[in-house]
Amino acid sequence: MNIVELENLKHQFPDGTVGLDGIRLSISKGSFVVIAGSNGSGKTTLLRHLNGLLNPTAGIVRIDGMPVSADVRRARRKVGLVFQEPDSQIVGETVASDVAFGPQNLRLDPAEVDRRVSAALESVGLKALADKPPHLLSGGEKRRLALAGILAMGPSVVAFDEPFASLDDTGVRSIVAEICRLKNDGYTVIVTTHDLEPVLFIADRLIVMQAGRIVRDGFPVQIANEVGDFGVRKPCTCGWPANRRE
Ligand SMILES: Nc1ncnc2c1ncn2[C@@H]1O[C@H](COP(=O)(O)OP(=O)(O)O)[C@@H](O)[C@H]1O
Ligand SMILES: [Mg+2]
């Protein structure tokens with residue numbers, strides 16, 4: 001079952017820049033897909049089409065079988081986006097009220113909002129910080145807060161845009177742990193990154209973009225060695241059995 005289907009997706013910005021050109025991509029439910037590419041290759045533009053933040057210039061984006069354009073609210077419920085800049089996603093004065101914002105907008109009753117906030121904070125390990133002002137959190141905690149806000153909406157797909165940018169080692173590891181947990185819980189996970197190392201060993205599929213197009217698509221172990229050709233730092237893969245000289 002494909003939860004995401006992009007059919008010949010093209011995006012041209014008002015100034016004429018072509019951000020995406022002829023993207024065909026199907027992502028099966030429950031998989032963990034990494035999208036790599038140098039700056040300006042179109043990763044963020046692609047993610048913003050998954051829940052209708054951008055509209056296609058041509059082509060179709062389908063989520064769970066239905067075009068995003070047919071029901072943008074449905075697409076936003078099904079696909080949660082963790083933005084690159086975690087501060088841009090914070091709206092509440094406390095961690096708990098920030099997570100409550102989305103479910104309240106769904107007009108759920110207060111008991112259900114509380115239940116979802118509590119479950120989401122528990123799952124990202126921020127329950128102890130529920131009453132803290134979000135701006136006091138670390139970079140990794142802010143991303144986990146954004147993730148909690150998304151989980152409280154009950155999505156099927158969670159997409160992270162450059163989740164490792166400007167995080168220290170501890171922050172990176174905490175986000176990798178969240179990704180593993182989401183995958184084990186059956187979510188479809190999409191991660192864009194120009195730093196492959198943290199996710200290479202756990203991804204089901206690696207897609208490489210260049211100039212608005214998909215230029216490689218396959219098992220990470222098969223194409224990781226080629227990413228250097230497309231402006232992505234080649235990750236260390238010497239520990240992989242296929243690369244080992246006996
Ligand atoms: N609002 C915009 N107006 C014009 N061009 C844009 C806009 N946003 C992005 N672009 C261009 O679209 C291309 C893809 O950008 P983006 O998706 O942000 O790449 P990435 O996330 O891979 O770094 C780049 O050439 C970028 O300059
Ligand atoms: Mg980007």
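In this predicted model, the buried residues of helix H3 get their cover from, among others, helix H4 (110-124) and helix H5 (139-151). H3 itself spans residues 95-105, and its buried set is made up of Val95, Ala96, Asp98, Val99, Ala100, Gly102 and Pro103. As background, an α-helix has 3.6 residues a turn, so residues three or four places apart point the same way. After H3 comes Arg107, a residue with a positive phi, near 60°.

Turning to ligand 1, the shell around it takes in Phe13, Asp15, Thr17 and Gly19, along with Gly37, Asn39, Gly40, Ser41, Gly42, Lys43, Thr44 and Thr45. The biggest share of the shell comes from helix H1 (residues 43-50), which puts in three residues.

Then there is Val18, which sits in strand S2 (residues 18-28). Leaving aside residues up to four places away in sequence, Val18 touches Gln12 and Gly212. Glu162 is another matter: 144 residues separate it from Val18 in sequence, and the C-alpha to C-alpha distance between the two is 21 Å.

Conventions: Residues are numbered from 1 along each chain as its sequence is written. Chains are lettered from A and ligands numbered from 1 in the order in which they are written. This is a predicted model: local features need pLDDT of at least 70, side-chain atom pairs count only at pLDDT 80 or more; totals for chains, interfaces and linings use all residues. A residue is near a molecule or strand if its C-beta atom, placed from the backbone, lies within 6 Å of it. Helices (H or I, at least four residues) and strands (E, at least two) are DSSP runs, numbered from the N terminus. A residue is buried if 20 or more other C-beta atoms lie within 10 Å of its own, exposed if 12 or fewer, and partly exposed in between; C-beta atoms are placed from the backbone. Two residues are in contact if their C-beta atoms, placed from the backbone, lie within 7 Å.
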